[in-house]
Every structure is written in C-alpha cells, then in structure tokens.
Amino acid sequence: MDELSLSLTSGPNGYKVSLKSIDIFGASNYTVEKIKLSENGKPFEATIKIPELRIGARYTSSGVLIILPASGNGTFHANFGDITGKVQGQVSVNRKDGLDYLNVDTLSLDLDVADVRMGVRKVFKNNPILTQAINLFLRENGQEVLKAMSPQLRKKLSTVFQSIANQLLTHIPLKTFLVPRTSV
C-alpha cells in the first residue's frame, strides 16, 4: 500500500498523520465462513475471518495531540485481531481451453475488528514524552483511529482480496467447485 492520510483531531492545530511505505501482513491468512454465490448479475456475498493483520509503516505527523505539539516522524505499527469481513462483489465467467473459470470483477470489503493495538517508535528525535503521549492516544483511541483509517484501508484490502481470489480462480475450473442443483 502506498500512502494513507488521516486527520485524527479537528481544529486549526488538528493532528494529521500520513503513513507511507505501508506493509500489510496476514491478509492472505483468512477463512471463508459463509458464501452465497448469485446468478444473473447479482452480487455474491461472503463472510471471512482473519485471525490477525499486522501493519508497519513510516509516518509523518503535524499538529497538537492531547496538549503537546506532536509534529514529527517515525515508525508506526499496528496489530488488528479477530477480524470479521463482509465481502460483496460481482463475478463473470471466462472460457479458456473449453472450460469455464470465474473472475472477480468487483469486490468490496467491510471489516469489523475486535482487537486493535497501535503504537509508534522513533518519534521525532526520540522524544520520550512525545512517544508516550502518542502511544497513550493510540491505546485509548485505537478503534477511533481505525475508523478514520477504514475507508482507505478497506479500498486497499479489497484490491488485495480481489487479486488473491483471481489468482486462485484462474486455475480452478468452475465445474470443480460448483455442483449443479438437483430437484428434490
């Protein structure tokens, strides 16, 4: 992921953060709990579980956090645990070598994260007071910070999951995992 920008507090000296060189780990370790495939152009729906996502990034910040001027830069890390994702999307069928294969054309992802832990290191000139203040803010407001990150994070993870799904579906013919309905 390239960059994510957040405004965490408002006002003229609002605290703004930009995350760059973002690495996300754990997105491919998921379990599909429920899936509803649809026909005739209707979207499919799925529920997935992700045990943990780990994020590492470089950050720059500006503004006032709590009561301290908190402009600086350093490293950001986050662990998100016990994640439930609601996935929706559109698929199409491609024919190759006489077999039909699914392709995920669009995909959207909405995440519910039970456990949020975030922190920073190497804050501007290794200032211990600033580091503690930022980490206190992140510890006390992790869900709110995640909420601010969610639109951009959701977009990136949707792209990642769409890519993973299409890598798998390219190699598995439709007839392998879809069984025709039989009348009872």
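Is Val 64 buried or exposed, or does Val 64 count as partly exposed? At 28% relative accessibility, Val 64 counts as partly exposed; here buried means under 20% relative accessible area, exposed means over 50%, and partly exposed is in between, with a 1.4 Å probe and protein chains only.

## About the model

Welcome to a predicted model, in which local features need pLDDT of at least 70, side-chain atom pairs count only at pLDDT 80 or more, and totals for chains, interfaces and linings use all residues. Residues are numbered from 1 along each chain as its sequence is written, and side-chain values use heavy atoms, with hydrogens and water left out.

Val 64 belongs to strand β5 (residues 64-65); strands (E, at least two residues) and helices (H or I, at least four) are DSSP runs, numbered from the N terminus. Between Val 64 and Val 17 there are 47 residues in sequence and 11 Å in space, C-alpha to C-alpha.

Strand β3 (residues 31-36) includes Lys 36. Zero of the six residues of β3 are buried, so β3 lies largely in the open. It runs antiparallel to strand β4 (residues 44-62), with five bridges joining β3 and β4; two strands pair if DSSP finds at least two bridges between them. Val 32, for instance, has Ile 48 of β4 as its bridge partner.

## Salt bridges

Side chains of opposite charge can pair when their charged atoms come close. The structure holds six salt bridges, each a side-chain nitrogen of Lys or Arg within 4 Å of a carboxyl oxygen of Asp or Glu. One of them joins Lys 49 and Asp 82, with the closest N and O atoms 3.8 Å apart. This pair links distant parts of the chain, 33 residues apart: Lys 49 is in strand β4 and Asp 82 in strand β7 (residues 72-96). Lys 49 is partly exposed at 27%, and Asp 82 is partly exposed at 47%.

Asp 110 and Arg 154 meet in another salt bridge (3.9 Å, N to O). Asp 110 lies in strand β8 (residues 99-121) and Arg 154 in helix α2 (residues 142-169), so the pair ties together parts 44 residues apart in sequence. Asp 100 and Arg 95 also form a salt bridge, at 2.6 Å from N to O; Asp 100 is partly exposed at 31%, while Arg 95 is exposed at 59%.
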